[in-house]
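Here are my notes on the model, point by point. Please read them with the structure open.

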Amino acid sequence: MVEDPAELALALRQVTLAVQRYRLRAVRAGLGSGASEMMALSELFTAGPCSPTGLAAFLSMTTASVTSLLDRLQRAGHVVRRPHPSDRRKVLVELTPRARDRLAAMFAFTNAATAHAARSLNPAELSVVLRFLHDVTDAYDRTDPVRGMADDFVGRDTSTGQSDEAIGTTSTPPS
């Protein structure tokens, strides 16, 4: 039984780093791209076509930097820019069929690895793990790397509504 939340946080960081290492190896081998390109390609694979401004927000990059990134991805044959269907002033970026196929193959390996790791869990345990991962994703998405956790998030367990003190953890960053 894990009693120290720091142990859980360390394990999660290790998983995150392993996933990042895999994605970098895969994108370099399969698409000849780097980390920022992989993040953009992953978002396009997951969310579908989006605007350069939307990618900039997702990647926390300037629109000028995203334009350069998209130029590289387009030259490599991974994305195309198409006119927006309802706003002729905008463009949408989407994966080419070849890039979509390569990313699908890459993610098939991660799906298989995840299924292999989850094989010992029963459906109830899988539900708990899934809820935990959704909660962790939400917590990361709502945490500012400079200011810490969002004011409406600090001190509350999202699944129970209990304060962090009531469950034995503290989310407030040090002053």
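1. Start with H2. Its buried residues are Glu37, Met38, Ala40, Leu41, Ser42, Glu43 and Leu44. Buried here means under 20% relative accessible area, exposed means over 50%, and partly exposed lies in between (1.4 Å probe, protein chains only). Helices (H or I, at least four residues) and strands (E, at least two) are DSSP runs, numbered from the N terminus. This is a predicted model: local features need pLDDT of at least 70, side-chain atom pairs count only at pLDDT 80 or more, and totals for chains, interfaces and linings use all residues. Residues are numbered from 1 along each chain as its sequence is written, and side-chain values use heavy atoms, with hydrogens and water left out.

2. What do the buried residues of H2 pack against? The partners are helix H1 (5-31), helix H3 (52-59), helix H4 (63-75), strand S1 (79-83), strand S2 (91-95) and helix H5 (97-118). A contact means heavy atoms within 4.5 Å.

3. Glutamate 37 has a relative accessible area of 12%, so it counts as buried. Leaving aside residues up to four places away in sequence, glutamate 37 touches Leu69, Arg72 and Leu73. Serine 42 is buried too, at 7% relative accessibility.

4. After H2 comes glycine 48, with a positive phi near 90°.

5. Now the overall fold. The protein has seven helices and four strands. Along the sequence they run α-α-α-α-β-β-α-α-β-β-α. Of the 175 residues, 25% count as buried. Among contacts with a separation of 6 or more, 37% join residues 24 or more positions apart.

6. Check the salt bridges. The criterion is a side-chain nitrogen of Lys or Arg within 4 Å of a carboxyl oxygen of Asp or Glu. By this rule there are six. One of them pairs arginine 82 with glutamate 94 (3.2 Å, N to O). This pair links distant parts of the chain, with arginine 82 in strand S1 and glutamate 94 in strand S2, twelve residues apart. Arginine 82 is partly exposed at 43%, and glutamate 94 is partly exposed at 24%.

7. Aspartate 87 and lysine 90 also form a salt bridge (3.9 Å, N to O). Aspartate 87 is buried at 13% relative accessibility, whereas lysine 90 is partly exposed at 46%. Asp87, Arg89 and Lys90 are linked in a salt-bridge network.

8. Where is the nonpolar surface patch? Leu8, Val129, Phe132 and Leu133 form it, with about 300 Å² of accessible area together. Areas come from the Shrake-Rupley method with a 1.4 Å probe; for residues, only the protein chains shown count as cover. Patch members have over 30% relative accessible area and no salt bridge, and nonpolar side chains (Val, Leu, Ile, Met, Phe, Trp, Tyr) are joined within 5 Å, like charges within 9 Å. Helix H6 (residues 123-141) gives the most, with three residues. Phenylalanine 132 is partly exposed at 32% relative accessibility.

9. Last, confidence. The mean pLDDT (the predictor's confidence in each residue, from 0 to 100) is 83, and 84% of residues reach 70 or more. Over residues 161-175 the pLDDT is below 50, and this stretch has 21 contacts in the model beyond near neighbours in sequence.
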